[in-house]
Amino acid sequence: MALPVAEWQGRTARLWAALEPALRERLAVASLQDAVRLGCDVLREEEEEAALVQLCHQAPTDKKPEAASWYREQGNREFKRGQYQAALRLYSKAASHELPGSPEVSVCFANRSAALLHLGHFEVCLEDIARAESHGYPDRLLPKVLLRKAECLLCLGRLQDAQDVLRVLESKIALDGAMTTHLTRLKKLSQLKVKLGEKEKSEPARGEHDGTQGEPEIWEENNRISGASSSLSLSFDAERGRHLVASQDIMAGQSLVREEAFVSVLCPGESLALQDGDTAWDTRATNADLYCHRCLRQLLASVPCQGCSYAKYCSQDCADRAWQQYHRTECPLGALLLTLGVFCHVALRTVLLAGFAEVSRLVQGSHCGDKNLQSPEGSCKPLSEAADAGGGSRGVPGCDSSGRYQSSYQALFHLLPHTEQHSPEHKFLCTLSVVALCKQLQAAGLEAAVLSQESPQQWSKPKTCEKTSDELSPELKTVAEAMLRHVLQLQCNAQAITVMQELGPGDGAVVDKKPVRLATAFFPVLSLLNHSCCPNTSVSFSGTAATVRAAQPISSGQEVLHCYGPHWCRMRVAERQQLLSQYFFKCHCPACLQELESGAKSVVSIRNSFCCPKCQAQMQGEEDTLCCSNEACATSASRDHLSGRLQDLQQQIKKALDLLRVGKADQAIKMLLKCQMDAGTFLSPEHLLMGEMEDHLAQVYATLGKWQEAARHLKKSIEIVEMHHGPSSVETGHELFKLAQILFNGFAVSEALSTIQRAEGILSVHFGPQSAQIQELQEMKACLSELPRNILQRT
């Protein structure tokens with residue numbers, strides 16, 4: 001959630017309405033500095049502070065041992081049922097609530113290692129065993145964990161290490177003759193060791209050819225723009241502001257920008273159900289449980305923060321670095337940050353990463369008549385003029401004294417906050433939220449940490465929201481002003497880091513995925529790209545790094561453009577313009593101009609239209625009543641009635657997918673086929689929902705191992721996806737990837753190879769040759785190519 005919770009938004013809205021008109025007028029036109037000062041005056045009421053404290057109780061981030069015990073019991077239950085993935089996540093939840101150094105947390109790590117062993121994650125299992133040992137795992141239970149460690153080492157082929165562990169076990173068991181169960185397991189493991197030893201001798205060493213790797217991309221970095229290709233140049237004019245232009249001809253798939261986020265904050269995200277039924281504690285997994293809070297790497301066995309139950313990391317190194325960089329300040333404020341939303345969290349982390357000295361320098365510079373900080377377009381010369389004067393790109397806001405544009409705090413600070421264009425109510429909400437956060441920093445004794453005046457070596461104990469002092473220190477007012485700037489900047493310059501997240505358990509032969517917003521970030525260089533509803537680039541993410549690639553050939557002198565969200569293939573021009581209004585500009589890209597000037601009906605609306613229930617011709621009309629476009633047919637229907645049928649249909653499809661998730665594939669097929677028949681009576685054959693149903697049917701048939709039937713439905717889905725998004729779109733690439741999996745599993749060799757080739761060609765343009773999907777496609781291709789020639793000829 002980008003903005004604060006609805007209750008806080010409601011309170012600030014009521015407070016705004018109750019202000020004197022003169023004060024509202026002053027706040028509406030106030031500079032960022034004055035807004036902070038006035039916000040401090042407004043937020044003196046104890047009632048507002050108490051309300052915020054109460055809201056924080058709804059998002060607790062402190063550790064609760066009783067919750068840990070409950071989660072561990074639920075994990076044990078799932079483990080006994082053989083649901084190891086669910087058990088894994090529940091044990092992680094338990095570990096995040098245990099107090100650091102307690103014997104109970106070592107038990108959580110040990111239990112989690114058992115789930116990891118069953119899932120085949122042997123290296124991570126060993127890491128959890130080491131964590132259990134380092135956290136004081138009870139000596140009486142140690143043989144069980146050591147046996148698991150030996151089993152992992154044997155599975156990894158590390159025979160000498162396994163032998164060393166077995167010797168330790170033998171000595172421990174010799175001291176306790178009652179451990180007959182351990183002796184039995186030890187005998188089995190010894191037999192396994194012999195078998196593995198024989199296997200190791202008989203198998204030849206694996207060569208380098210086992211892993212198929214894509215060709216490394218050629219990359220030459222720009223000497224004027226950090227993280228950008230040398231094929232780009234930075235330009236500026238009053239209409240388009242800062243933007244990137246191709247300085248040479250660019251091929252499709254070529255990398256243009258590679259940038260690490262200056263700052264990123266994980267979004268809590270939607271919950272993924274782990275089990276059915278109501279429970280005392282929330283057992284659902286969210287982004288916060290699934291991804292590292294620092295590097296955004298997907299988590300298998302998370303390392304919990306020692307101070308709160310919310311922050312989780314992929315390694316102790318990530319946990320330590322996050323603590324030193326920002327989390328030692330954020331940790332006691334976890335509930336408040338969740339209450340105030342991701343934008344406030346990003347703003348706080350931004351100033352913590354930048355450091356107070358740099359923040360203060362730039363904020364003070366904005367008070368000294370540097371008009372560029374408020375409106376850079378107003379006082380900068382075009383680059384052509386600056387170049388003629390020998391200044392290179394020094395006239396462009398965000399560039400350093402040498403004219404280099406870097407992915408730095410200075411570049412980030414110069415991104416436009418559009419202070420004058422935000423609504424007064426929105427500025428008021430942002431101001432009060434930032435002031436409330438800074439007051440809590442002061443009340444919790446964290447001011448010195450924010451100002452980098454101390455570097456505590458011990459973990460801080462989390463504090464709840466307490467009554468804050470009325471007046472902020474001058475230094476925290478500077479911090480608040482910078483944070484307010486960043487919150488306002490985020491509306492136009494926030495970049496959503498997305499990831500393809502698996503739907504369901506992810507253990508099937510065909511993996512279905514959907515794009516999910518993982519984090520909100522600032523990318524100063526990526527922010528240089530202007531918007532187009534028909535962009536010539538594609539953006540992908542790996543952890544906190546963004547890569548921009550040319551989605552099509554770009555000629556020298558052509559602007560490099562990025563889509564901010566509403567692509568012309570997915571949405572009508574009126575809806576796109578409405579969504580883009582949040583960026584304070586009106587889109588004049590070719591797609592918008594063509595659609596607006598021609599007055600023709602959008603292709604999107606035609607394809608996603610209703611059809612006549614009698615003759616299947618398109619229904620048309622802008623009013624509440626739609627009429628058949630076939631003049632020979634006089635059928636009419638209410639738009640509300642047809643929209644209601646569409647909503648009912650979507651609910652039925654959801655129920656069918658729920659049946660599939662609980663293993664009732666036959667019932668899911670019947671329901672989807674019925675939905676398909678119903679849809680055919682009132683939806684266009686090209687409607688996206690028709691394609692989605694074909695995709696779902698393919699998924700169900702693949703679950704049953706009926707590969708030919710699955711492929712037949714998926715091909716129909718691909719036809720509709722191509723109509724909407726284009727044959728070289730990333731959406732088509734994802735569908736072809738799924739078709740390749742189905743054909744591979746169905747042993748349709750020649751068709752699988754041709755599909756792999758096409759999918760590889762599309763996805764490599766959007767994600768590069770090193771992406772996971774490309775690697776999997778190449779592995780499938782290598783496997784099929786190694787089949788005997790007579791089999792290849794028959795298929």
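**Helix packing and an open sheet in a predicted model**

Reader: Why are helix 20 and helix 22 called oblique to each other?

Author: In this predicted model, helix 20 (residues 424–443) and helix 22 (residues 474–493) pack at an angle of about 140 degrees. Angles over 145 degrees count as roughly antiparallel and 65 to 115 as roughly perpendicular, with the rest as oblique; helix 20 and helix 22 are therefore oblique. Their axes lie 9 Å apart, and the crossing is right-handed.

Reader: Which residues in helix 20 meet helix 22, and what makes up the contact by residue class?

Author: From helix 20, the contact includes Cys-430, Val-434 and Leu-437, and from helix 22 it includes Val-479, Met-483 and Leu-484. The contact residues divide into 11 nonpolar, four polar and one charged.

Reader: What makes strand 13 and strand 15 edges of the sheet?

Author: Three strands form an open, antiparallel sheet in the order 13-14-15. Strand 13 (619–620) and strand 15 (636–638) each have a single partner strand, so one side of each is left without a neighbour in the sheet.

Reader: How do you know that strand 14 and strand 15 pair?

Author: Pairing requires at least two bridges, and strand 14 (residues 625–628) and strand 15 have three bridges in the antiparallel sense. Among the partners, Leu-626 is bridged to Ala-637 in strand 15.

Reader: Which helix lies across strand 14 and strand 15?

Author: Helix 26 (residues 639–661) does, running at about 70 degrees to strand 15. UniProt lists residues 639–666 as a coiled-coil region in an unreviewed entry; over residues 639–666 the chain is 89% helix and 0% strand.

Notes:
Residues are numbered from 1 along each chain as its sequence is written. This is a predicted model: local features need pLDDT of at least 70, side-chain atom pairs count only at pLDDT 80 or more; totals for chains, interfaces and linings use all residues. Side-chain values use heavy atoms; hydrogens and water are left out. UniProt positions are given in the numbering used here, feature names are shortened, and annotations may be inferred rather than shown by experiment. Helices (H or I, at least four residues) and strands (E, at least two) are DSSP runs, numbered from the N terminus. Axes are lines fitted to C-alpha atoms, for helices over the stretch in contact, and angles run from 0 to 180 degrees between N-to-C directions. Angles under 35 degrees count as roughly parallel, over 145 as roughly antiparallel, 65 to 115 as roughly perpendicular and the rest as oblique. A crossing is left-handed if the near helix is turned anticlockwise from the far one by less than a right angle, and right-handed if clockwise. Contact means heavy atoms within 4.5 Å. Ala, Val, Leu, Ile, Met, Phe, Trp, Tyr, Cys and Pro count as nonpolar, Asp, Glu, Lys and Arg as charged, and the others, Gly among them, as polar.
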